[in-house]
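Colleague: I've got a model open and I'd like to learn how to read it. Can you walk me through it?

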Amino acid sequence: MKICIDPGHGGGDSGAVGTQPFRLEEKDFNLGLALLLEEELEARGHWTILTRRKDRSLSLPARAKLSNRTGADLFVSIHANAAGNPAVKGMEVYHFPGSKAGQAAAARILESIISAFPTHSNRGVKEANFAVLRITDMTAILIETEFITNPKQLQFLADPENQQNMATAIADGIEAIV
Ligand code: ZN
């Protein structure tokens with residue numbers, strides 16, 4: 001399977017920023033997890049491409065068009081979530097409104113990450129008209145891993161073991177799609 005992995009944000013766009021109990025920028029978390037996912041998928045014999053491999057800016061259409069040019073079967077955008085209320089937590093996965101393939105892929109991946117982290121809240125599969133989901137030609141999903149604005153979840157996201165287990169769970173979910 002050909003998978004385009006998109007680490008959200010980058011460069012001047014830090015994405016969401018968590019500050020408690022320490023500072024963590026979403027763009028850095030997203031890239032770290034994307035690189036682990038790449039390694040995991042390559043080890044399983046899949047072909048992968050990343051929309052960015054370092055801390056740089058990239059527009060949303062540029063991410064989608066890059067994926068379209070590669071002929072990938074699946075586009076996976078990686079994010080961490082944010083809310084004004086620091087108590088908000090949980091995992092959710094988005095697909096483009098009305099996309100049956102997107103819905104199925106989102107459900108498999110969310111199921112897999114929730115089963116890897118059963119104490120986390122399942123916020124469900126959601127639809128959104130995000131540019132990266134709209135412009136991509138292939139099945140496309142966007143993972144909101146956890147809330148970087150929740151101090152406990154920020155620590156969860158920052159933990160290298162959790163990141164590796166998350167990458168494994170996403171790869172398991174991807175393999176469950178086909
Ligand atoms: Zn984001």
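Modeller: Buried means under 20% relative accessible area, exposed over 50%, and partly exposed in between, with a 1.4 Å probe and protein chains only. Helices (H or I, at least four residues) and strands (E, at least two) are DSSP runs, numbered from the N terminus. This is a predicted model, where local features need pLDDT of at least 70, side-chain atom pairs count only at pLDDT 80 or more, and totals for chains, interfaces and linings use all residues. Residues are numbered from 1 along each chain as its sequence is written, and side-chain values use heavy atoms, with hydrogens and water left out.

Colleague: Is strand 1 mostly covered or mostly open?

Modeller: Mostly covered: strand 1 spans residues 2-7, and five of its six residues are buried.

Colleague: Which strands does strand 1 pair with?

Modeller: Two strands pair if DSSP finds at least two bridges between them. Strand 1 runs parallel to strand 4 (residues 47-50) over four bridges, with Ile 3 opposite Thr 48. Strand 1 also pairs with strand 5 (residues 74-81), again parallel, over five bridges; there, Cys 4 has Phe 75 as its bridge partner.

Colleague: And which residues coordinate the zinc ion?

Modeller: Donors are N, O and S atoms within 2.8 Å of the metal (3.2 Å for Na, K and Ca); water is not among the atoms, so sites may look incomplete. Here His 9 (NE2), Glu 26 (OE) and His 79 (ND1) coordinate the zinc ion at 2.1 Å. Glu 26 in helix 1 (residues 26-43) and His 79 in strand 5 are 53 residues apart, linking distant parts of the chain. Both Glu 26 and His 79 are buried.
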